[in-house]
Amino acid sequence: MGHGERRVGLARPGTGAPAPKHSKSERFRELWPDIKQMVYPRRGIFALGLVLMVINRLCALVLPSSTKPLIDRVIGQRDVKLLGPVVGAVVGATILQGITSFALTQLLSKAGQRLIAELRVKVQQHVGRLPVAYYDANKSGVLVARIMSDVEGVRNLVGTGLVDFVGGLMLALFALGRLLSISPIMTFFTGLFVVLFSGVLQKAFTKIRPIFRERGKINAEVTGRLTESLGGVRVVKGYHAEDRESEVFAAGVTRLLNNVLKSLTAMSLMSLSATVLMGIVGAVVWYVGAKQVLSGHMSLGDLMTFVAFLAFLIAPVMQVVNIGTQLTEAFAGLERTREVLRESPEDRDPKRTVKLDTLRGDVDFSHVGFAYEQGKQVLYDVTFRAEPGTVTALVGPSGSGKSTIISLVAAFHTPIEGDITVDGVDLSTVLLSSYRTQLGVVLQDTFLFDGTIEENVAFARPDATHEQVMEACRIARVDEFAEAFEEKYGTVVGERGVKLSGGQRQRVSIARAILANPRILILDEATSSLDSESEALIQEGLKYLMKGRTTFVIAHRLSTIRRADQILVVEGGRIVERGTHEQLYALGGRYWDLYTRQHGLEANLFLAPGEGDAVEENGAKGDAREPAAITEAMRMLRGR
């Protein structure tokens with residue numbers, strides 16, 4: 001693949017230019033495939049729902065239709081025999097209307113809730129397959145809102161909301177036909193006002209839709225910040241920042257409140273317009289109708305029937321105010337959901353067609369360059385080879401590019417220059433599912449789920465037997481503290497493993513990697529949370545884990561990687577030195593400088609007792625070349 005082709009993928013997902021505005025019809029055309037995809041599998045439910053709705057609406061017409069015979073014949077002509085059939089028809093229609101309403105709610109509301117559940121699963125699965133770069137560009141709280149909240153309004157597309165809306169329109173058509181048969185002139189005047197009000201509503205919804213769309217974004221931002229604040233509660237309390245976090249959250253809630261108030265104002269204005277419409281139409285009907293009755297062109301029963309059917313013509317217009325708002329919210333949520341689903345999963349790359357068998361673990365970087373963002377390159381011409389069964393250690397100052405190299409090994413990102421091969425196969429063409437199942441990772445920031453110790457270890461291999469899990473725990477020295485708990489391996493570790501110490505969490509993480517039995521192993525400061533005694537005990541577990549595997553180690557405590565097969569010194573995104581500990585120390589270059597600085601500080605400041613004691617090399621302590629900067633650093637750390 002050429003250099004220019006790789007750079008196409010540098011744009012951060014979700015941070016591009018805002019989409020151009022489209023007309024209402026264009027937006028509907030864009031969303032129609034998604035709506036059709038949701039509706040088509042439920043066409044049987046919809047068909048039955050429409051039948052029930054037609055029956056329901058026809059039954060609703062019985063009561064207003066009974067007004068004329070009741071007034072003109074039963075009351076006006078004293079035809080008492082007709083009273084029973086009229087009342088019976090009304091009661092029967094009302095009961096049937098109630099039954100169909102119950103059936104519609106049960107049928108369509110449950111279908112809507114099932115759709116929401118399916119969409120949440122679909123969006124979560126899709127988000128889970130997106131590349132790491134997408135997570136870098138979007139807060140976890142925002143993604144939670146996308147998965148849980150944005151799909152909520154979609155129930156109105158399949159639930160009773162849309163069907164009620166369609167049913168109301170059908171009822172309005174029935175009512176319009178009956179009104180025309182009673183008095184065309186009165187129908188003309190009322191219809192004129194209804195058409196005018198419909199135009200006002202269309203304009204109003206054009207203004208309201210962006211408000212609802214913005215509400216989803218604000219809600220996601222507020223949720224994201226709240227999630228971060230709760231997750232980092234120890235940092236917040238440690239810096240006594242409760243008030244500051246409260247102010248940030250309050251500001252977000254205020255933005256959300258202003259958005260809601262704005263939508264409520266718009267909806268209130270629509271309700272006001274609808275109420276005024278009803279008053280005007282009512283006044284016109286009574287005035288014209290009274291004139292018609294007095295002139296003998298209409299009976300009193302006809303007037304009352306007209307008024308009753310007029311309600312069925314106006315009601316759908318009033319219903320538009322509520323259901324139209326719900327549908328607007330549903331479309332806004334569907335658009336936001338669609339934005340997520342349009343993001344391309346990392347395993348959908350058409351180039352990724354190679355399925356790997358069991359790996360040997362031969363990893364080769366050839367002139368690799370990488371940038372997270374266009375024009376901001378972080379790696380330059382990185383070339384090295386990690387052979388099967390060897391340990392490659394990456395050292396260097398923070399921000400030098402060590403973690404980026406590891407991310408490339410894990411195929412979290414793709415280089416913009418050069419190639420990375422695994423067992424001679426270009427990693428950018430490999431199916432990630434066949435590669436990452438042979439990858440094991442132990443991070444410095446150990447992540448544990450809110451489950452038991454055994455569940456967290458078994459996360460690497462859900463099909464592992466209890467005996468296999470226990471063996472991994474024994475090798476990683478998890479048994480030393482787990483056996484002391486009352487629930488033993490069934491002890492719940494809490495969110496992110498908060499109930500365990502840092503060292504205990506690290507051991508669980510190492511046990512998890514041992515159970516995974518990976519071919520390529522990544523250790524990011526795997527023993528950083530352990531005291532010297534625990535580290536010495538767990539080294540045997542790490543030796544077992546690293547045996548026969550290609551291992552990459554990011555190390556800040558340089559004494560832990562002296563036995564690495566090769567050490568790569570990374571600085572400024574480049575490999576500036578490479579070799580074994582002995583070779584690099586003897587070279588007296590950047591590695592020697594890092595090693596002696598750290599060793600001198602640890603020895604003099606009594607950091608990590610036991611660390612850096614007798615080493616094989618002469619001159620590791622008190623070397624004459626030790627930089628004067630150490631003294632200054634010691635003073636700063638001691639506060640002198």
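Trainee: What share of the contacts between residues at least 6 apart in sequence join residues at least 24 apart?

Mentor: In this predicted model, the share is 79%. A pair counts as a contact when heavy atoms lie within 4.5 Å.

Trainee: What makes a residue of the protein count as buried, and how many of the 640 do?

Mentor: The cut-off is under 20% relative accessible area. Of the 640 residues, 44% count as buried. For the accessible surface of the protein, the total is about 32,900 Å², and carbon and sulfur atoms hold 59% of that.

Trainee: Why is strand S7 called mostly covered?

Mentor: Buried means under 20% relative accessible area, and five of the five residues in S7, which spans residues 520–524, are buried, so the strand is called mostly covered.

Trainee: Which residues lie on each face of S7?

Mentor: Ile-520, Ile-522 and Asp-524 are on one side, with Leu-521 and Leu-523 on the other. These residues are all buried, and both faces are covered.

Trainee: How do you know that S6 and S7 pair?

Mentor: Pairing requires at least two bridges found by DSSP. Strand S6 (residues 439–442) and S7 have four bridges, so they pair, in the parallel sense. Val-441 stands opposite Ile-522 in S7.

Trainee: What makes S7 and S8 a pair?

Mentor: Again at least two bridges are needed. S7 and strand S8 (residues 550–554) have five, therefore they pair, also in the parallel sense. Across these strands, Leu-521 stands opposite Thr-551 in S8.

Trainee: How many helices and strands does the protein have?

Mentor: There are 24 helices and ten strands.

Terms used: Residues are numbered from 1 along each chain as its sequence is written. This is a predicted model: local features need pLDDT of at least 70, side-chain atom pairs count only at pLDDT 80 or more; totals for chains, interfaces and linings use all residues. Side-chain values use heavy atoms; hydrogens and water are left out. Helices (H or I, at least four residues) and strands (E, at least two) are DSSP runs, numbered from the N terminus. Buried means under 20% relative accessible area, exposed over 50%, partly exposed in between (1.4 Å probe, protein chains only). Accessible areas come from the Shrake-Rupley method with a 1.4 Å probe; for residues, only the protein chains shown count as cover.
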